[in-house]
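Hi,

Here is the structure I promised to send over.

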Amino acid sequence: MSTSAASYLFTSESVSEGHPDKVCDRISDSIVDLFLASGDPNVRVAAETMCTTNFVALAGEVRGPDNLGHDQFKEAARQAIKDIGYEQHGFHWRDAEIISHIHSQSADIAMGVDAAGNKDEGAGDQGIMFGYACNETDALMPAPIQYSHEILRLMAEARHAEANSGLGPDSKSQVTLQYENGKPVRATSVVVSTQHAEHLEQDAIREIVRPFVEKVLPAGWMCDDAQFYVNPTGRFVIGGPDGDAGLTGRKIIVDTYGGAAPHGGGAFSGKDPTKVDRSAAYVTRYLAKNVVAAGLAERCTIQLAYAIGVSHPLSVYVNTHETGNVDEAKLVKVLQEMVDLRPRGIREHLQLNRPIYARTAAYGHFGRTPEDDGGFSWEKTDLVAGLKSAFGA
């Protein structure tokens, strides 16, 4: 996101847990949690899901306990669909056909990644990962994506709490904010499309949605009524996988920063934390958030690069976008001294080998509140004191 212009608009979108792609992310991450809950430290998971009308297909590669097989994978998928709330004619947790073609991990990949002898655990794949933080919101996230997530999260809470809410599981949001001198000042448009009960008309849905938007946006930020769009097509009864096929990993920008920062290209869901697509993206967010929380910069982007089977990152890049008050070269050095950026070091520092991933599948992997069982550990700001000390802040 450029801040060179004095005034500009920026837009981000989110999708709900019932969006077809997010149904797939949830199922894939439920399978990750199934393996991590076994307590076996050597599990490996790369699970993919496809869904359409009353049909779910599972594929991928795994390594883990012998008692985890196709029956357990299919049951995890069915439970995920039930938790989301799909009990519709075209997609029902009880009636959907679920097939599994998940198989054992390639021995060639395992050989490159596993620790052996004097060889440390290597990265699960090559790739580049980005983390970002800024001071636009209390969560140190870009405001457009944070507000987009929050609108849908509150709508989902209401739907789960009230069977007659009129809202269905599938929904999308989009928030456009006006920026002045690099800071958001108000919403210029808000779009919400939500699946709904058949008897409800568009105007009724608009008024059901309105309070959620007004609660999320700061006081005085609500857009003009003419720019508040709810179900612009007029009707959204058929939704979810019955309306559109879904795939794991197709909402990577929704998962991260809403386009306000770079994305390395790799999806998160369905991958165990030895995969740096996931763990390194989490640690870069962790580092960037702590830099901003420590007051060392207003915005911070961090990139890591890895090669498959190689433990140390090939490069570490930090950019404070001319908002920092410390030397970036020194910051690169200090961050690497504070956190071991080898795959094993990341997993141990953030305690990632726990069944904490199904909850990440919707409403963003970042900007969340750290949880008592270790969920969203990468959102902690426990490096702040050390960073302030290192820079005399």
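**After helix α7**

Helix α7 is followed by Gly295, and the phi of this glycine is positive, near 80°. Helices here are DSSP runs of H or I with at least four residues, strands are runs of E with at least two, and both are numbered from the N terminus.

Before going on, two notes on the source. This is a predicted model, where local features need pLDDT of at least 70 and side-chain atom pairs count only at pLDDT 80 or more, while totals for chains, interfaces and linings use all residues. Residues are numbered from 1 along each chain as its sequence is written, and side-chain values use heavy atoms, with hydrogens and water left out.

Back to α7, which covers residues 276–293. At 1.5 Å a residue, its 18 residues should span 26 Å, and the end C-alpha atoms are 24 Å apart, which agrees. Buried means under 20% relative accessible area, exposed over 50%, and partly exposed in between, with a 1.4 Å probe and protein chains only.

**The sheet**

There is an open sheet of 4 strands in the order β1-β8-β9-β10, with mixed pairing. Its edge strands are β1 (7–15) and β10 (228–230), each pairing on one side only. Neighbouring strands of this sheet are turned by 15° against each other on average, direction ignored. Two strands count as paired if DSSP finds at least two bridges between them.

Within the sheet, β8 (residues 167–180) and β9 (residues 183–196) pair in the antiparallel sense over 11 bridges.

Helix α5 (residues 202–216) lies across β8, β9 and β10, running at about 120° to β10. Contact means heavy atoms within 4.5 Å; axes are lines fitted to C-alpha atoms, for helices over the stretch in contact, and angles run from 0 to 180 degrees between N-to-C directions.

**Some single residues**

Arg44 is found in strand β2 (residues 44–52) and is buried, with a relative accessible area of 4%. Its side chain reaches the backbone oxygen of Asn42 at 3.4 Å.

You'll find Leu140 in the loop between β7 (127–134) and α4 (143–161), where it is buried at 12% relative accessible area. Tyr363 is in the loop between α9 (343–350) and α10 (384–390), and at 9% relative accessibility it counts as buried too.

**Aromatic rings**

How many aromatic pairs does a search of the whole structure find? The count is 11. One of them is Tyr147 with Trp221, edge-to-face at 6.1 Å centre to centre and 85° between the planes. This pair links distant parts of the chain, 74 residues apart: Tyr147 is in helix α4, and Trp221 is in the loop between α5 and β10. Tyr147 counts as buried at 12% relative accessibility, as does Trp221 at 15%.

Rings of Phe, Tyr and Trp (its six-membered ring) pair if their centres lie within 6.5 Å; planes under 30 degrees apart count as stacked, over 60 as edge-to-face and the rest as tilted. Ring pairs also link Tyr132, Tyr257, Phe268, Tyr282, Phe366, Phe376 and Trp378 into a cluster.

Cheers

Notes
Polar contact = N/O pair within 3.5 Å; in protein donor to acceptor, adjacent residues only side chain to side chain. Expected span 1.5 Å × (residues − 1).
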